[in-house]
Amino acid sequence: MTQWVENPTGGRDRGPIALARAWLEVLVRPRRFFATGVAPGDQAPGLAFVMVVVAIEEATRFALVPGSYPVLADQRLASALLVLLIAVGFVAPLALHLAAAIETLALIAVADDRAGVSETVQVIAYASAPCVLAGVPIPGLRIACALYGAALLVVGTSEVHEIGLGRAALAAAVPAVFVFGYAFRAVAAGTALLP
């Protein structure tokens, strides 16, 4: 279903500077980024990217929102680190690949000739860029992060799979709700704003 390429051609550079550059570029020039930064079979940089986004978002939430993680045996720091490790090392990659599988199924219906699952994984990973700020307990900010991420997902899907924005929006709708609405808690933020 997916592949891991040891020495891929194209795709993103590796390392902290490359992650920072990818974060800035996807926010500022998404079409160019998705056209040049997503390569077949090159999931490693995208996976590392989403793991860093989740680490920053969750660490921020843990620091700013009391009771946002369970405390085991009165060990606050150890509990926070354990929950952060689980979120970054297990939940984020699983949620990313589940969302990619859902989008791939949707793409079957709207795109005859499309890129592979690996490219979809990368698009979803990089679309999460605005969510580094989603851990701040301001509902409007969390919603803005989610909307921007969903827009990046639609643009990336359109660019990488070479389909129009309308069909890309159809394919990305359910994964966007799953990733940005539930995983990054925009739905909860929206309900918090309701009277």
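A: Start with Ala-73. Ala-73 is exposed, with a relative accessible area of 69%. Here buried means under 20% relative accessible area, exposed over 50%, and partly exposed in between, using a 1.4 Å probe and protein chains only. Ala-73 sits in the loop between H3 and H4. Helices are DSSP runs of H or I with at least four residues, strands are runs of E with at least two, and both are numbered from the N terminus. Ala-73 is not a glycine, yet its phi is positive, about 55°.

A word on the ground rules. The model is predicted, so local features need pLDDT of at least 70, side-chain atom pairs count only at pLDDT 80 or more, and totals for chains, interfaces and linings use all residues. Residues are numbered from 1 along each chain as its sequence is written, and side-chain values use heavy atoms, leaving out hydrogens and water.

Now step back into H3. H3 runs over 43–64. Its 22 residues should span 32 Å at 1.5 Å a residue, and this agrees with its end C-alpha atoms, which are 32 Å apart. The expected span is 1.5 Å times one less than the number of residues.

Which residues of H3 are buried? Among them are Leu-47, Phe-49, Val-50, Val-53, Val-54 and Phe-62. The buried list also includes Glu-57, Glu-58 and Arg-61. An α-helix has 3.6 residues a turn, so residues three or four places apart point the same way. The cover over the buried residues of H3 includes H1, H4, H5 and H6.

Look at Phe-62 again. Phe-62 counts as buried at 11% relative accessibility. Tyr-69 is buried too, with a relative accessible area of 12%. The whole structure holds five aromatic pairs. The rings of Phe-62 and Tyr-69 have centres 4.9 Å apart and planes at 50°, so this pair is tilted. Rings of Phe, Tyr and Trp (its six-membered ring) pair if their centres lie within 6.5 Å; planes under 30 degrees apart are stacked, over 60 edge-to-face, and the rest tilted.

Phe-49 of H3 is buried. Ring pairs link Phe-49 with Phe-33, Phe-34 and Tyr-126 in a cluster.

The largest nonpolar core has 50 residues, and Phe-34, Tyr-126, Leu-153, Phe-180 and Phe-184 have the most contacts inside it. Such a core is a set of buried Ala, Val, Leu, Ile, Met, Phe, Trp, Tyr and Cys residues joined through side-chain atoms within 4.5 Å. H3 supplies at least two residues of this core, as do H1, H2, H4, H5, H6 and H7. H4 gives the largest share, 10 residues.

Finally, compare another loop. Glu-162 lies between H6 and H7. Its phi is near 55°, positive in a residue other than glycine. Glu-162 counts as exposed at 67% relative accessibility.

Terms used: Contact means heavy atoms within 4.5 Å.
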